[in-house]
Amino acid sequence: MMRWVHLFLTLMVVPIGLSAQQPLTSVGLGYPVEPIDGRSAALGGTGIGLFGSTYSLRNPADLLHHPEAGFSLSLASEAVTLDEDQSLKTGRERFTNIRALVPFSDWAASIAFGGVFDQDWSARFLDTLVLADGSAPFEEAREHDGGISTIDVSLARRLGPFGIGVSAQRLTGSLRQSFFRTFELPIGEAPLLNDGGGMREVSYRGWRFKGGASINIADRLLIGGSMSLPTTLTGTVQDTIPNTTDFELPVVYEIGGSFRLVDELLITAATGRSPWADAGDVGEYTTHDVTWVGGGIEFGGLIFLGGRLPLRFGMRRSDLPFSIGADSIIEKAFTGGFGWEFQEGLATADLSLEIGSRGDITGTNIQESFTRMILTLSLRQRSP
């Protein structure tokens, strides 16, 4: 328990009384980033057990469904609006995953970069400090720049219709927090206050290991599942004397699959669970078990300018691991998008769009709305 208390206190730069000005996803270690590509995001954030291959990092056994060597880059852009007493707008951009893979014989291997937690956000707002003899209006600017990512090395092996895979992930990241407050002329008998600000830097290190499996049934049904082992993330506050704190990350279970109704119509669904609540509560921050579920459909019968143009639609729902107070934060989104394949799939662009919300303005008086796009560009090399 004391490790949790110490971690959150060291991560906070601004007084807790001003935390309402922060996005909901700034709580705790930040917003959990799913290391998925544009195709998976458009299909309800599935990213596991997808016919036609996926560059997502959910299941190492899915490497076996890539017939050619390939490289993929996925970039996400998100706009967030926090609706409370006053509207706060912010945004973030990040690489959800970058992956290079190669199949050989009954094996496949890859090296990848993926997201874990995003702590990027910035805000500028006006407020008033009320004193006993008057008040002092001020403008405050806050910026959090950083997050936690993973370097993933995966290996998979085909055993007939079955596949197994393992991943070793190096967790690494940093966070730079800063704020600056500029006071205006005081009102009443309040004194003239000096401007102020501060900055703090935190670095993260750790390891995580994952195993997965899949089964292909008659090229009509593909099912996959994965499990990551619990691990420890170490956060170090960069100060005159560095202060190190261990943070326990729980086990993660995920399972999903896809069913091909006809050659050009695919149905997919996936779910996952992680017992974050085992870590316990800390002050006004509460941890919650995370369960997510998503699904979608893909129609691949369209052609545009000589390239295949699959259309995708889906939806998803997920709990967030951290919240302010006792109520958990639920994220819901409608998803959609399309792909554009050239040279029989050797070059592909996949674009997804998510429109959703977090929290509940009627229940908790706090709600975020967001719009997120993920663009994935991938290249494959046909085997000789």
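The lining of the largest pocket holds 15 charged, 8 polar and 8 nonpolar residues. Classes are assigned with Asp, Glu, Lys and Arg as charged, Ala, Val, Leu, Ile, Met, Phe, Trp, Tyr, Cys and Pro as nonpolar, and the others, Gly among them, as polar. The model is predicted: local features need pLDDT of at least 70, side-chain atom pairs pLDDT 80 or more, while totals for chains, interfaces and linings use all residues. Residues are numbered from 1 along each chain as its sequence is written, and side-chain values use heavy atoms, without hydrogens and water.

**Largest pocket**
- On a 1 Å grid over the protein atoms alone, a pocket is an open set of points with protein on both sides within 12 Å along at least five of seven lines, a cavity is a set where a 1.4 Å probe fits but cannot get out, and lining residues have an atom within 4 Å of a point.
- The space in this pocket is about 640 Å³, a volume being the space filled by probe spheres set on the points, which are joined across faces, edges and corners.
- Of its 31 lining residues, Phe51, Gly52, Ser53, Arg308 and Glu341 lie nearest the centre.

**Cavities**
- There are 4 cavities of 30 Å³ or more.
- The largest cavity contains about 670 Å³ of space, and Pro32, Val33, Glu34, Pro35 and Arg58 are the closest to its centre among 42 lining residues.
- Its lining comprises 19 nonpolar, 13 charged and 10 polar residues.
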